[in-house]
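Here is a friendly walk through a protein chain, with the sequence and the 3D view to hand. Please keep both open as you read.

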Amino acid sequence: MQKYRILWADDEIDLLKPHTLFLEKKGYEMITVNSGADAIEQVENESFDLIFLDENMPGMTGLETLDYIKASKPNIPVVMITKSEEEMIMEQAIGAKISDYLIKPLNPNQILLSIKKILDNRRLVTEKTNMSYQQDFRNLSMAYSDDIDHEEWVEIYRKLIFWELEIDNTEERSMSEVLDNQKDEANSNFARFITDNYDSWLNEVDVDKPLLSHQLMVKRVFPELQSGQPLFFILIDNLRFDQWKIIEPIIADYYTVEEESSMYSILPTTTAFSRNAIFSGMLPAEMAKYHSDIWVGDDQEEGKNNHEHEFLKRQLKKNRLDIKSSYHKIIRTEQGKQLLDNVSNLLGNDLNVVVYNFVDMLSHARTDMEMIRELAPDESAYRSITKSWFLHSPLLDLFKRLAREPVKVMVATDHGTIRVKRPAKIIGDRNTNTNLRYKQGKNLNFDNNRVFAVRRPEDLHLPRINVSTTYAFATQDYFFAYPNNYNYYVNYYRDTFQHGGVSLEEMIVPLVTLVPKNA
């Protein structure tokens with residue numbers, strides 16, 4: 001175990017001898033001084049892992065000493081010790097970024113706890129996390145070996161995300177590989193679950209089914225309009241559940257989470273299908289049939305999501321909702337700033353829909369730009385980039401602005417993404433679509449063991465472009481690759497984030513209702 005050096009400055013340091021001896025017996029190297037000036041001199045000349053600083057010393061006070069230390073060695077943790085319980089002193093110390101605050105008389109175990117909390121935190125968290133995950137590992141593995149329903153799959157996925165985020169905060173992340181293998185096994189079982197049940201969700205009435213993309217507005221969003229408060233429906237596209245959990249603590253400073261639930265994205269898990277389903281309230285085959293003037297299929301070159309606002313207007317009309325509404329799609333930062341400037345005008349609307357495209361752009365940019373590939377080589381880094389973007393985005397400013405108003409906010413997404421690792425060979429004609437996680441075309445040839453194959457598109461309410469159209473959805477972390485230039489293609493796309501197929505990450509997505517804390 002590492003031997004830590006601790007500096008203790010107190011004008012009554014001789015009276016604290018029992019405490020310093022106690023800590024030395026625990027393995028800590030203790031250096032003691034009896035003034036703030038001596039403490040500063042020690043810090044300038046030697047290295048320390050932790051400093052105990054008495055607040056009420058003659059001459060230079062503890063707070064004055066703290067300012068000097070933080071100016072020269074800002075990364076050394078400092079514990080302020082005082083007899084005073086005066087709130088102003090506490091606030092000044094906390095404002096100066098102390099690591100802990102202890103009030104005399106001191107208890108040896110109180111001191112030891114403070115040291116361990118500061119110096120041994122990551123080691124202790126790592127040991128506890130690894131032990132707890134190992135205990136839960138068997139429970140998770142046994143859970144998805146049973147015949148479970150869609151709600152239980154959500155719980156399994158949320159538990160896997162919980163452990164993923166916990167292991168992220170440990171030293172060396174030694175259990176990451178074990179968790180990755182468990183996630184892959186879960187996705188293998190989840191693919192079988194979807195293969196067995198997805199058809200019945202779409203076609204049978206008396207069957208237990210999750211909330212699906214095309215039901216979101218009618219079942220969850222429109223009912224919120226009855227509250228009489230303006231509703232802001234914010235769809236952050238391509239937002240995985242783990243990315244939501246990363247930004248949730250930031251939002252929690254301003255909002256109470258009234259409800260955190262989930263939705264299953266329809267197939268294909270792409271913006272063109274799942275997001276259009278959200279705004280139209282229809283499955284893809286019905287969109288193609290009843291809205292042929294604005295539906296854009298895979299066989300057309302036009303952008304697939306240019307008509308979301310029109311889909312939404314038609315769904316509002318179909319449901320006889322004569323309300324004031326707005327729709328904003330944010331693709332560039334300046335658009336987000338313009339929306340922020342316009343919030344006061346939107347408060348008079350019943351429904352304001354905001355689509356934020358950044359996360360989708362990030363995932364695609366990661367495929368196309370070498371720099372982003374380097375910055376986000378895995379899920380942990382991908383989450384980190386998402387958090388960094390959110391902290392500096394107009395979207396966070398929008399959340400802050402809305403938190404001052406008597407509004408409700410719903411956060412949703414269209415689908416998630418998965419980091420693809422393994423190629424699956426596929427052969428198709430030149431009219432086959434380009435998505436890496438799903439293919440639709442005629443005469444497709446592929447390995448059935450890695451694919452959810454749909455020979456009759458109408459069964460899943462998917463458009464049939466020609467008589468022999470087949471849909472093939474990649475499962476687990478596979479991605480489709482053609483035999484031509486196979487090695488180049490595989491090396492280029494492996495470890496990129498893609499969507500369109502069947503996985504927990506793509507299909508189970510967050511749906512959150514927020515209420516401002518201080519409106």
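Asn-485 is exposed, because its relative accessibility of 60% is over the 50% cut-off. Keep in mind that this is a predicted model. You will find Asn-485 in the loop between strand S17 (478–481) and helix H20 (486–493). Its backbone is worth a look too: phi of Asn-485 is near 50°, a positive value in a residue other than glycine.

Asn-238 also has a positive phi, near 65°. This residue sits in the loop that runs between strand S6 (231–236) and helix H10 (241–251). Is Asn-238 buried or exposed? With a relative accessible area of 0%, Asn-238 is buried, because buried means under 20%.

## Two cis prolines

Now for the peptide bonds. The bond that joins Lys-104 and Pro-105 is cis, with omega at about 0°. To find Pro-105, look in the loop between strand S5 (100–103) and helix H5 (108–119).

A cis peptide bond also leads from Leu-267 to Pro-268, and here omega is near -5°. Pro-268 has its place in the loop between strand S7 (255–264) and helix H11 (271–280).

Turn the model to look for acidic side chains. Asp-146, Asp-147, Glu-151, Glu-152, Glu-155, Asp-196 and Asp-208 form a negative surface patch. Which helix gives the most to the negative patch? That is helix H7 (residues 150–168), with three residues.

Asp-146, one of the patch residues, lies in the loop between helix H6 (121–143) and H7. Asp-146 counts as exposed because its relative accessibility is 52%, and exposed means over 50%.

## Aromatic pairs and a cluster

How many aromatic pairs does a search of the whole structure find? The search finds 29. One of these aromatic pairs is formed by Tyr-382 and Phe-497, whose rings are stacked at 4.0 Å centre to centre with 20° between the planes. The pair links distant parts of the chain: Tyr-382 belongs to helix H18 (residues 379–391) and Phe-497 to strand S18 (residues 497–498), 115 residues apart. Tyr-382 is buried, with a relative accessible area of 1%, and Phe-497 counts as buried at 1% relative accessibility.

There is also an aromatic cluster to pick out in the viewer. Its members are Tyr-144, Trp-153, Phe-190, Phe-193, Tyr-198, Trp-201 and Tyr-264.

## The whole chain

Finally, step back from the single residues. The chain holds 21 helices and 19 strands. Its C-alpha trace spans about 90 × 55 × 45 Å along the principal axes. Of the 519 residues in the chain, 54% are buried.

Definitions and conventions: Residues are numbered from 1 along each chain as its sequence is written. This is a predicted model: local features need pLDDT of at least 70, side-chain atom pairs count only at pLDDT 80 or more; totals for chains, interfaces and linings use all residues. Side-chain values use heavy atoms; hydrogens and water are left out. Helices (H or I, at least four residues) and strands (E, at least two) are DSSP runs, numbered from the N terminus. Buried means under 20% relative accessible area, exposed over 50%, partly exposed in between (1.4 Å probe, protein chains only). Patches are made of residues with over 30% relative accessible area and no salt bridge: like charges are joined within 9 Å, nonpolar side chains (Val, Leu, Ile, Met, Phe, Trp, Tyr) within 5 Å. Accessible areas come from the Shrake-Rupley method with a 1.4 Å probe; for residues, only the protein chains shown count as cover. A salt bridge is a side-chain nitrogen of Lys or Arg within 4 Å of a carboxyl oxygen of Asp or Glu. Lys and Arg count as positive and Asp and Glu as negative; His and the chain ends are not counted. The place of a charge is taken as NZ of Lys, CZ of Arg, CG of Asp or CD of Glu. Rings of Phe, Tyr and Trp (its six-membered ring) pair if their centres lie within 6.5 Å; planes under 30 degrees apart count as stacked, over 60 as edge-to-face and the rest as tilted.
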